[in-house]
Every structure is written in structure tokens, then in C-alpha cells.
Amino acid sequence: MQSKYFSVFLLTLLSMLAFAANSLLCRVALKSDAIDPASFAAIRLMSGAAMLVVVMRLRGVSPTTSGGWVPAFWLAAYAAAFSFAYVSLPAGVGALLLFGSVQATMVGTSLWRGERLSARQWLGLVVAMGGLVALLLPGLSAPPLGSAVLMMAAGVGWGAYSLHGKKSLNAGATTAGNFLRSVPFAVLLVVVRVTQLSVSSTGVAYAVCSGAITSGLGYIVWYTVLPHLRSSAAATVQLSVPLLAAIGGTLLLGEAWTQRLSWTGLAILGGIALVVVAPKRLTRA
């Protein structure tokens with residue numbers, strides 16, 4: 001029994017490290033001008049699709065029968081906005097904006113569909129949104145507004161993609177099918193940006209690693225461990241991703257850890273925790 005719990009813990013940790021690594025890989029690739037954002041996003045999607053298709057084939061599952069074009073569009077929109085945002089954003093700030101926007105999108109959609117929050121959840125939502133506003137207020141340590149808006153748009157895209165994924169009966173196959181269908185959008189992005197493309201072997205390596213390993217294999221590991229976690233635990237553990245990205249950005253990329261990031265990060269993640277870990281998350285009105 002202890003061995004099982006350790007395996008679940010280890011796989012969960014690996015998943016969160018993989019998700020945080022996506023931010024670090026994208027940031028270091030674009031910061032060093034090793035690749036342009038459009039090429040990074042396109043290669044990430046294509047290599048992720050290739051890895052997921054191989055894994056599903058080995059499992060005897062055909063990814064072409066799963067997924068859909070609408071979630072594939074949202075996946076591609078997320079990947080593109082994510083890459084362009086990281087041209088200027090520090091890794092930790094970007095992950096924090098992304099995560100906050102994803103949760104805001106999903107909770108906002110639930111409210112729009114007629115669901116309601118408890119008093120505790122409303123408090124959490126207000127605290128989280130206040131932290132997000134404080135992070136974006138003008139100042140020496142404020143992130144570039146254009147890049148911040150792009151990352152929040154990426155969060156909306158990932159939130160919409162996640163809402164579609166809730167309907168899936170086989171998350172792994174659906175993810176593979178969606179990645180496969182995102183390839184035409186990736187090609188279109190490259191065609192539109194063809195005059196601004198700039199690719200090096202190092203940049204390609206970063207993008208392939210992000211797509212095939214930290215995205216493709218990262219999602220496979222996450223969906224493997226997810227059935228063993230309670231919903232509240234699964235939601236809570238994802239709060240570690242922006243923190244891991246910020247630590248990685250500081251230690252590996254030499255990015256500054258500011259007081260603004262500390263306090264606003266605490267407000268955003270703490271507020272989200274109040275929303276997603278409430279005993280009765282959302283109830284019908």
C-alpha cells in the first residue's frame with residue numbers, strides 16, 4: 001500500500017515538474033533568440049502529436065477516432081498565445097497569469113451556465129482577481145501589458161480546451177486526437193508568420209522537448225495518476241505549477257523574484273485554492 005502511495009506521489013510530482021518545465025523551455029528558447037514564437041508553438045504541437053500518437057498506437061488505440069476540431073483549435077490558440085507571451089514574460093509570472101486565467105475561465109463558464117458559488121468560493125474569487133489586478137498594475141516590476149494579455153488569452157484557450165476535455169471518456173486518446181488535429185492550425189500559423197521565422201537547432205530541440213516530453217509524455221503521466229487523486233487534491237496540486245516555474249526561472253534563468261510576485265502570487269493561488277477546494281465546489285441554482 002505504501003508503495004502505491006509513493007508511486008502516485010512520484011507520478012504527480014513528475015507531472016507538475018513537466019508542466020512547469022513547459023514555461024521554462026519556452027522562455028529560455030525565446031529569451032536566447034534560438035527560435036521564433038510561431039515556430040516554437042508549431043513544433044511543440046507537431047512533436048506532441050507525434051509522441052501521443054505513438055503512445056496510443058502502442059496501447060492499441062487509434063487517436064484519429066477521438067478528439068475534435070473545436071478543442072484542437074483551442075489547443076492551438078493556447079500554444080500560439082503562450083509562445084508569443086513568453087517573448088517578454090518571466091517564466092514564473094507567465095505561469096501565474098496562465099493558471100489564474102485558466103481557472104477564471106472555467107469558473108466563469110460554470111457561473112454563466114447557471115451554477116453558483118458558496119460564500120467561501122466568492123471570497124476566493126475576489127482575492128484571486130484582486131491579486132491578478134495588483135500583478136498587472138503599472139510599476140517597475142509589472143510585467144509587459146501586451147505579453148500579459150497574451151498569456152491571459154492563452155489561459156482562456158486552455159480553459160476552453162479543458163472544458164471540452166471534461167466530456168471525454170478516454171482522456172489519453174482524446175488528447176492525442178486533439179493534438180493531431182491541431183497540426184493544420186500549427187502549419188497555418190507558420191505560413192502566416194513565414195517572413196518572421198527564425199529557427200536554430202537549439203531552438204528546435206527546446207520545442208521538441210516541450211512538445212514530445214513535457215507536454216506529450218507529461219499529459220500521459222498526469223492522466224495515468226489522475227484517477228488515483230480526489231478532485232480536490234488534483235485541483236490543489238496544480239497550484240504548485242506557477243511556484244515551480246518561478247523557482248526554476250530564478251535558479252536556472254536568472255530571473256528576479258520580486259516582492260510583487262510573492263504577494264500577488266500568494267493572493268492568486270490562495271484565492272483559487274478557496275474556490276477549487278471548497279467542500280461543495282459548485283451547486284446548481
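Q: Which residues form one aromatic cluster here?
A: In this predicted model, one aromatic cluster is made up of Phe-19, Tyr-78, Phe-82, Tyr-86, Trp-158, Tyr-161, Phe-179, Tyr-219 and Trp-222.

Q: And how many aromatic pairs does the structure hold?
A: The structure holds eleven aromatic pairs. One of them joins Phe-73 and Trp-74, whose rings are edge-to-face, with 5.5 Å from centre to centre and 65° between the planes.

Q: Why those two values, a distance and an angle?
A: Because a pair of aromatic rings is described by how far the centres lie from each other and by the angle of the planes.

Q: OK, so are Phe-73 and Trp-74 buried, exposed or partly exposed?
A: Phe-73 counts as partly exposed, with a relative accessibility of 41%, and Trp-74 is partly exposed too, with a relative accessible area of 28%.

Q: What about Trp-158 and Tyr-219, how is that pair arranged?
A: The rings of Trp-158 and Tyr-219 are stacked, with their centres 5.8 Å apart and 25° between the planes. Trp-158 belongs to helix H6 (residues 145-165) and Tyr-219 to helix H8 (residues 201-225), so this pair ties together parts of the chain that are 61 residues apart in sequence.

Q: Buried or exposed, those two?
A: Trp-158 counts as buried because its relative accessibility is 18%, and Tyr-219 also counts as buried, at 5% relative accessibility.

Q: Which members of the largest nonpolar core touch the most other members?
A: That core has 67 residues, and the ones that touch the most other members are Tyr-78, Phe-82, Tyr-86, Leu-97 and Met-151. As for where the core residues come from, helix H2 (residues 37-58) gives the largest share, which is ten residues.

Q: Since you mention H2, where is Ala-50, and is it buried, exposed or partly exposed?
A: Ala-50 is found in helix H2, and with a relative accessible area of 44% it is partly exposed. The C-alpha atoms of Ala-50 and Phe-179 are separated by 8.5 Å, although these residues are 129 residues apart along the chain.

Q: And Ala-81, what does that one touch?
A: Ala-81, which has its place in helix H3, touches Leu-150, Ala-153 and Ala-154, again without counting residues up to four places away in sequence. Ala-81 counts as buried, at 11% relative accessibility.

Q: Switching topic: how much space lies in the largest pocket?
A: About 1100 Å³ of space lies in the largest pocket. The pocket is lined by 38 residues, and those closest to its centre are Met-106, Trp-158, Ser-162, Trp-222 and Gln-238.

Q: Which helix gives the largest share of that lining?
A: The largest share comes from H4, with six residues. Other helices that each supply at least two residues of the lining include helix H1 (2-31), helix H3 (69-85) and helix H7 (171-192).

Q: One last thing, what is the phi of Asp-33?
A: Asp-33 has a positive phi of about 55°, although it is not a glycine. For comparison, most residues other than glycine have a negative phi. Asp-33 lies in the loop between H1 and H2, and with a relative accessible area of 64% Asp-33 is exposed.

Methods:
Residues numbered from 1 in each chain as written. Predicted model: local features only at pLDDT ≥ 70, side-chain atom pairs only at ≥ 80, totals over all residues. Heavy atoms only, no water. Phe/Tyr/Trp six-rings, centres within 6.5 Å; stacked < 30°, edge-to-face > 60°. Buried < 20%, exposed > 50% of the residue type's maximum accessible area, 1.4 Å probe, protein only. Helix = DSSP H or I, 4+ residues; strand = E, 2+ residues; numbered from the N terminus. Core = buried A, V, L, I, M, F, W, Y, C linked by side-chain atoms within 4.5 Å. 1 Å grid on protein atoms, 1.4 Å probe; cavity = no way out; pocket = protein on both sides within 12 Å on 5 of 7 lines; lining within 4 Å. Points joined across faces, edges and corners; volume = space filled by probe spheres on them. Contact = heavy atoms within 4.5 Å.
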